[in-house]
Amino acid sequence: MLGLYQSVVLVLFLLRQNPVQQVAAELFGVSQSTVSRRLALLGPLLERVLAEFVPDPAQASSGKVVLVDGTLVTTWDWACHGIELFSGKHRDTGFNLQIAATLDGDLLAVSAPVPGSWHDVRAWRESEFEALFTDRETIGDLGYIGTGILTGRRKPPGQQRPKADKIFNHSLSVLRAAVERAIAHLKDWKILATRYRGPLSTFPNIVRTITALAFFRTTW
């Protein structure tokens with residue numbers, strides 16, 4: 001029988017390493033059903049306990065440049081969802097998460113997950129980010145053209161890209177590397193970096209819990 005401390009360790013292990021639950025069950029000396037129940041019970045509890053460490057994005061971004069990017073968290077190909085979760089860009093199924101960070105690579109916010117079939121423009125507009133960062137100078141990649149976000153410049157059809165555009169795009173890419181680092185740190189939690197195998201209905205809670213843990217880690 002696992003006590004509270006070991007149960008929390010188990011849940012953190014599941015989030016950090018994303019093992020098959022049967023493997024975790026053998027490592028902790030319990031049944032697979034116990035592993036599943038502990039995750040279902042303590043995952044939401046962890047989110048609530050750590051909620052105080054999650055800053056208000058509007059306040060945290062005040063006076064700062066906001067970098068934004070989307071990332072795909074892959075899932076099983078659930079036939080009941082048709083092509084809703086299929087990302088043509090990544091040729092895989094999953095959820096699109098919008099990530100906001102500072103120029104220093106510090107995480108500002110993680111959006112609620114949306115279907116992987118949604119392009120970044122739609123994901124941005126359907127998220128709370130558009131309202132949260134409306135008065136901020138925001139930088140994104142070419143996937144955000146048309147949103148009012150500062151992006152790189154596309155190559156003119158049938159023409160060579162002007163040298164000034166190449167310099168401009170390179171400068172933006174250098175700045176945007178910070179949000180890519182923020183995503184990489186977030187995906188240290190392997191449940192976001194490798195294929196998510198749990199029920200899709202629980203994934204939004206997993207995202208909120210990982211977000212809270214990511215901010216909590218900055219206080220260590």
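Me: Which residue in β3 does Thr74 stand opposite?
Reply: This is a predicted model, where local features need pLDDT of at least 70, side-chain atom pairs count only at pLDDT 80 or more, and totals for chains, interfaces and linings use all residues. Residues are numbered from 1 along each chain as its sequence is written, and side-chain values use heavy atoms, with hydrogens and water left out. Strands (E, at least two residues) and helices (H or I, at least four) are DSSP runs numbered from the N terminus. In β3, the residue opposite Thr74 is Gly94.

Me: How many bridges join β1 to β3?
Reply: Two strands pair if DSSP finds at least two bridges between them. β1 and β3 (residues 92-101) run antiparallel, and the number of bridges joining them is eight.

Me: Which residue of β6 is the bridge partner of Leu67?
Reply: β1 also pairs with β6 (residues 138-139), in the parallel sense, over two bridges. The partner of Leu67 there is Ile139.

Me: How many residues of β1 are buried?
Reply: Buried means under 20% relative accessible area, exposed means over 50%, and partly exposed lies in between (1.4 Å probe, protein chains only). Both faces of β1 are covered, with Val66 among the buried residues on one side and Leu67 among those on the other. Of the nine residues in β1 (66-74), the buried count is nine.

Me: Is Asn18 buried or exposed?
Reply: Asn18 sits in the loop between α1 (4-17) and α2 (21-28). Asn18 has a positive phi of about 50° although it is not a glycine. Most residues other than glycine have a negative phi. With a relative accessible area of 9%, Asn18 is buried.

Me: Is Arg91 buried or exposed?
Reply: Arg91 lies in the loop between β2 (86-87) and β3. Arg91 is not a glycine, yet its phi is positive, about 55°. Its relative accessibility is 61%, so Arg91 counts as exposed.

Me: Which helix gives the largest share of the lining of the largest pocket?
Reply: On a 1 Å grid over the protein atoms alone, a pocket is an open set of points where a 1.4 Å probe fits, with protein on both sides within 12 Å along at least five of seven lines; lining residues have an atom within 4 Å of a point. The largest pocket has 18 lining residues, with Gln21, Leu39, Tyr196, Gly198 and Pro199 nearest its centre. Two or more lining residues come from each of α3 (32-50) and α9 (203-217). The largest share, five residues, comes from α3.

Me: Which element gives the largest share of the lining of the second largest pocket?
Reply: Among the 18 lining residues here, Val54, Val110, Glu128, Arg208 and Thr211 are closest to the centre. β4 (107-110) and α9 each supply at least two lining residues. The largest share, six residues, comes from α9.
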